[in-house]
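Please keep the sequence and the structure in view while reading.

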Amino acid sequence: MIQESVHRTGRRTEKKVRTARDIKVPPLLNEGPEVVGMMTVVIGNGGSLDVAVRNVADSGPALSAEMFRRVVDRADTRIEADMKSSLTKELSQLRDGAAAYSMAIHMVMSAAEAREAGERERTLRDASEIALSGLREAGKAYSSSLNAPCMAVFGVGIMMPMILMSILPMLSISGIFGSQSIGMGQLAVITLVLIPAIVVAVMASIREKNPFMPSGKTGNSYGYLLPLASAAPVYLALAAAGAGPVTAGCIGCAAGGAILFISVYPGYKRETARRRRAGAL
């Protein structure tokens, strides 16, 4: 959907407005069980669909809250006849991969119209099961797609440095590269800059496809990588002190890696403790 806006200068520019079709499917499926749970609490206690939708729009997970706010706006401004028709239209714009999310919300809508409490509870349980099933299928698809990226990380991050450090010096001695041999500076750039950059790019692509990653600013933040930036000032300080580029680069990368490890270790311990408690339930 394209919306035209007029600036004070009189020129018109086009601004893209986000719609339900623009939402990525895996993070939306991850929000499905929580959204269904929030709506179940309202409808299961006799509340209306209108109240349930407004509850998600106000305090729901990021992607669903944004989508439900559009639903509320269209219903309040009478662009759509009521909340149900507005929600139905929004769900119809979702991508095909979000069928489980859409079906679960439709089941909740049906439960809101049920007259008997027993029928309402059964329908809400079915909606919850559909949302969980969709998330499980997304997790299976994600895990099955990890083979190639993991092999790429292993090959580029582990095997390539070993090959470079063991074979290239011998090839240079034998004169296979002619008069221009590969020096230690070039090897350092490849192993300390180029290869880590490739590995980080592959890992970032894996992370973006993770359906269990929280959505919103917290889930998409790469702030935990900021400690790696400490390698630059360490390198500059050592270079200014007279250290060689290889020595300064190695010590700088080691310092950045150590600071990164120290920063993420507390979170790792908390996650390990959480898993241990969950396994004991």
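## Terms and basis

A residue is called buried when its relative accessible area is under 20%, exposed when that area is over 50%, and partly exposed in between, using a 1.4 Å probe and protein chains only. Helices are DSSP runs (H or I) of at least four residues, numbered from the N terminus.

The model is predicted: local features need pLDDT of at least 70 and side-chain atom pairs count only at pLDDT 80 or more, while totals for chains, interfaces and linings use all residues. Residues are numbered from 1 along each chain as its sequence is written, and side-chain values use heavy atoms, with hydrogens and water left out.

## Salt bridges

Side chains of opposite charge can pair when their charged atoms come close. A salt bridge is defined here as a side-chain nitrogen of Lys or Arg within 4 Å of a carboxyl oxygen of Asp or Glu. The structure contains nine of them. One joins Lys 140 to Glu 137, with 3.9 Å from N to O. These two residues lie three residues apart in helix α6, so about one helical turn separates them. Lys 140 is exposed, at 53% relative accessibility, whereas Glu 137 is partly exposed at 46%.

Arg 136 and Glu 129 form another salt bridge, their closest N and O atoms being 2.9 Å apart. Arg 136 is partly exposed, with a relative accessible area of 44%, and Glu 129 is partly exposed at 42%. In helix α2 (residues 49–59), Arg 54 and Asp 50 are four residues apart and therefore separated by about one helical turn. Their side chains meet in a salt bridge of 2.6 Å, N to O. Arg 54 is partly exposed at 29% relative accessibility, and Asp 50 is partly exposed with a relative accessible area of 29%. A network of salt bridges links Glu 66, Arg 70, Arg 74 and Glu 90.

## Helices α1 and α6

How do helices α1 and α6 run relative to each other? The axes of α1 (residues 25–44) and α6 (residues 117–144) come within 8 Å and cross at roughly 170°. Axes are lines fitted to C-alpha atoms, for helices over the stretch in contact, and angles run from 0 to 180 degrees between N-to-C directions. The two helices are therefore roughly antiparallel, a term for angles over 145 degrees.

Contact means heavy atoms within 4.5 Å. The residues that make this contact include Leu 29, Val 36 and Ile 43 of α1, and Leu 124, Ala 131 and Leu 135 of α6. By class, the contact residues are ten nonpolar, six polar and one charged. Here Ala, Val, Leu, Ile, Met, Phe, Trp, Tyr, Cys and Pro count as nonpolar, Asp, Glu, Lys and Arg as charged, and the others, Gly among them, as polar.

## Nonpolar cores

In soluble globular proteins, nonpolar side chains tend to be buried together. A nonpolar core is a set of buried Ala, Val, Leu, Ile, Met, Phe, Trp, Tyr and Cys residues joined through side-chain atoms within 4.5 Å. The largest one has 37 residues, and those touching the most other members are Met 39, Val 53, Phe 68, Leu 87, Leu 91, Tyr 101 and Ile 105. Helix α1 gives the largest share of this core, nine residues.

Leaving out residues up to four places away in sequence, Leu 87 touches Leu 49, Val 53, Phe 68, Val 71, Ile 105 and Met 109. A second, separate core of five residues includes Val 156, Leu 164, Leu 187 and Ile 195.

Key: Angles under 35 degrees count as roughly parallel, over 145 as roughly antiparallel, 65 to 115 as roughly perpendicular and the rest as oblique.
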